[in-house]
Amino acid sequence: MTGGRKTEGRAVIRVLLVHDACLVRSVLAEWLRREPDLRVEDTPWRGAPGRARLLRPDVCAADLEVDSYGVPPLGELTSRGPDGSRPRLLVLASAHRPGLLKRAIEAGALGYVDKEGAPDHLVRGIRRVAAGERFVDDSLGYGFLKAAEMPLTRRELSVLSLAAEGASVAEIAGSLHLSHGTVRNYVAAITRKTGARNRIDAIRISQGEGWL
């Protein structure tokens, strides 16, 4: 924990709360500010990486649901500062979107708070993560199991991401330096692995799971 001042026996923790829903973010931030040891700033995802670099918080508490991006840029929240330190990451997650949980794991998140759980878990999670300890809501266990079963490879996700943006087979092939036949093979594999009826259905399913 890098906060130097102490309040009522606790070191002050600087928190950056990242959430795209303005009302939810404002209410959560005001609620967290009631805790004497927390110094809380809040931002939507669009400005989050810049705010994180400017404020250098001890903890970034970030909601995994992103309005302005397809996938949350978690790595940009935890880049190292000039002194070599980096914020610790806690995420607000749902067991129903295991793909986003997997991305948080890959980004090195220490804390995982269930968005459907009790609000005091968020405060406990922030304090634990600030101390360098792991915090995981038990209710997210199913999501972690599903995250481990992610069926698509990195290359398949790249193909599907471009398809979701409306790219044609030819455009995907050109972007990824693949043949048209290879792209079609990837699309067929993606459709089979996701249990989809077609490419559009595969995109829908993958977005719903948080893979995309």
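Student: How are α7 and α8 set relative to each other: parallel, antiparallel, perpendicular or oblique?

Tutor: This is a predicted model, by the way. In it, helix α7 (residues 154-164) packs on helix α8 (residues 169-176) at an angle of about 130°, with the axes 10 Å apart. The two are therefore oblique to each other.

Student: And is that crossing left-handed or right-handed?

Tutor: α7 and α8 cross in a right-handed way. On the α7 side the contact uses R155, S158, V159, L162 and A163, while α8 brings I172, S175 and L176.

Student: What classes of residue make up that contact?

Tutor: Five nonpolar, two polar and one charged.

Student: Which residues of α7 are buried?

Tutor: E156, L157, V159, L160, L162 and A163. The buried residues of α7 pack against α4, α8, α9 (180-194) and α10 (199-209).

Student: What comes after α7?

Tutor: G166 follows α7, and its phi is positive, near 95°.

Student: Switching topic: which residues touch the most other members in the largest nonpolar core?

Tutor: W45, L77, L89 and V91, out of 21 residues in that core. The elements giving two or more residues to this core are β3 (13-18), α2 (48-55), β5 (59-63), α3 (74-77), β6 (88-93) and α4 (98-106).

Student: What is L77 in contact with, leaving aside neighbours within four places in sequence?

Tutor: L77 contacts V18, W45, A48, P49, A52, C60, A62, P87 and L89.

Methods:
Residues are numbered from 1 along each chain as its sequence is written. This is a predicted model: local features need pLDDT of at least 70, side-chain atom pairs count only at pLDDT 80 or more; totals for chains, interfaces and linings use all residues. Side-chain values use heavy atoms; hydrogens and water are left out. A nonpolar core is a set of buried Ala, Val, Leu, Ile, Met, Phe, Trp, Tyr and Cys residues joined through side-chain atoms within 4.5 Å. Buried means under 20% relative accessible area, exposed over 50%, partly exposed in between (1.4 Å probe, protein chains only). Helices (H or I, at least four residues) and strands (E, at least two) are DSSP runs, numbered from the N terminus. Contact means heavy atoms within 4.5 Å. Axes are lines fitted to C-alpha atoms, for helices over the stretch in contact, and angles run from 0 to 180 degrees between N-to-C directions. Angles under 35 degrees count as roughly parallel, over 145 as roughly antiparallel, 65 to 115 as roughly perpendicular and the rest as oblique. A crossing is left-handed if the near helix is turned anticlockwise from the far one by less than a right angle, and right-handed if clockwise. Ala, Val, Leu, Ile, Met, Phe, Trp, Tyr, Cys and Pro count as nonpolar, Asp, Glu, Lys and Arg as charged, and the others, Gly among them, as polar.
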